[in-house]
Amino acid sequence: MDYVVRTVRAEEWERAKEIRLAALCDPAAPIAFLETYDHSVARPDAFWQERTANAAAGEHVRQFVAEAPDGGWAGTVSVLVERPGTEPGFGEAAEMDQSHLVGVYVRPEHRGRGVVDALFREAVDWSWSLSGPPLERVRLHVHEANSRAEAAYRRIGFTPTGATLPMQGDPTALELEFEIRRPLSGGGG
């Protein structure tokens, strides 16, 4: 794979905005994302600047991008750090130290080339590398009708937890929780 996966840079806010808006135009957007194109495109530049700066700093959130050989962004994923006693990012408050993958998107012309796998490897590795109490798991949610995304997540190693949430805006549909647990350390000295 000739893609480079790296952290977004604060000054790349316009590119971060562009790929988010592209994701929200994808045919799967209504079941993949919790916001709409119309809502996001109306946000001021200051919103995108702050969002990108926070994702670049990586204290509580980190955004990764997959850069194609031509320099274009092929895909992205963001990681939210969730710790007990903090405000929940999605669903209920965290019961353990964990991270949550959100905003997963690979442009259609780059799908099937290992981009999502590379993004997830970077996101999971970053989660395991954080200082403080070690994260116990990395989780994500997928709409019950998003079989393409679910198949990719399973292939990468995520497994269903059995937990579900009603879909925001459509309580008749469910978001399914998937996770990867932190590998046990090989001990012994």
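Predicted model: local features only at pLDDT ≥ 70, side-chain atom pairs only at ≥ 80, totals over all residues.

Visitor: Which residues touch the most other members in the largest nonpolar core?

Guide: That core has 32 residues, and those touching the most other members are Phe64, Val77, Leu101, Leu119, Phe120, Tyr153 and Phe158. A nonpolar core here is a set of buried Ala, Val, Leu, Ile, Met, Phe, Trp, Tyr and Cys residues joined through side-chain atoms within 4.5 Å, and buried means under 20% relative accessible area, with exposed over 50% and partly exposed in between (1.4 Å probe, protein chains only).

Visitor: Which elements give two or more residues to this core?

Guide: They are strand E2 (61-67), strand E3 (73-82), strand E4 (98-106), helix H5 (115-129), strand E5 (137-143), helix H6 (147-156) and strand E7 (170-181). The largest share, nine residues, comes from H5. Helices (H or I, at least four residues) and strands (E, at least two) are DSSP runs, numbered from the N terminus. Apart from this core lies another, of 12 residues, with Val8, Ala16, Phe33 and Trp73 among them.

Visitor: Now the sheet: in what order do the strands come?

Guide: Seven strands form an open sheet in the order E1-E2-E3-E4-E5-E7-E6, and the pairing is mixed; two strands pair if DSSP finds at least two bridges between them. Strand E1 (4-7) and strand E6 (159-167) are the edge strands, each pairing on one side only. From one strand to the next, the twist averages 25 degrees.

Visitor: And how many bridges join E3 to E4?

Guide: Seven bridges join them, and the two strands run antiparallel; threonine 76, for example, has tyrosine 105 in E4 as its bridge partner. E4 also pairs with E5, in the parallel sense, over three bridges, and histidine 100 stands opposite arginine 139 in E5. Seven of the nine residues of E4 are buried, so E4 is largely enclosed by the rest of the structure.

Visitor: What about the helices, where does H1 lie?

Guide: Helix H1 (residues 13-25) lies across E1, E2, E3 and E4, running at about 95 degrees to E3. H5 packs on the sheet too, touching E1, E2, E3, E4, E5 and E7, and its direction makes about 25 degrees with that of E3. Axes are lines fitted to C-alpha atoms, for helices over the stretch in contact, and angles run from 0 to 180 degrees between N-to-C directions.

Visitor: At what angle do H1 and H4 pack?

Guide: H1 and helix H4 (residues 45-57) pack at an angle of about 100 degrees, with their axes 9 Å apart. That makes H1 roughly perpendicular to H4, since angles under 35 degrees count as roughly parallel, over 145 as roughly antiparallel, 65 to 115 as roughly perpendicular and the rest as oblique. In this contact, Trp13, Ala16, Lys17 and Arg20 of H1 meet Asp45, Trp48, Gln49, Arg51 and Thr52 of H4.

Visitor: Is lysine 17 buried or exposed?

Guide: Lysine 17 has 18% relative accessibility, so it counts as buried. This residue of helix H1 touches Asp45 and Trp48, not counting residues up to four places away in sequence.

Note on methods:
Residues numbered from 1 in each chain as written. Heavy atoms only, no water. Contact = heavy atoms within 4.5 Å.
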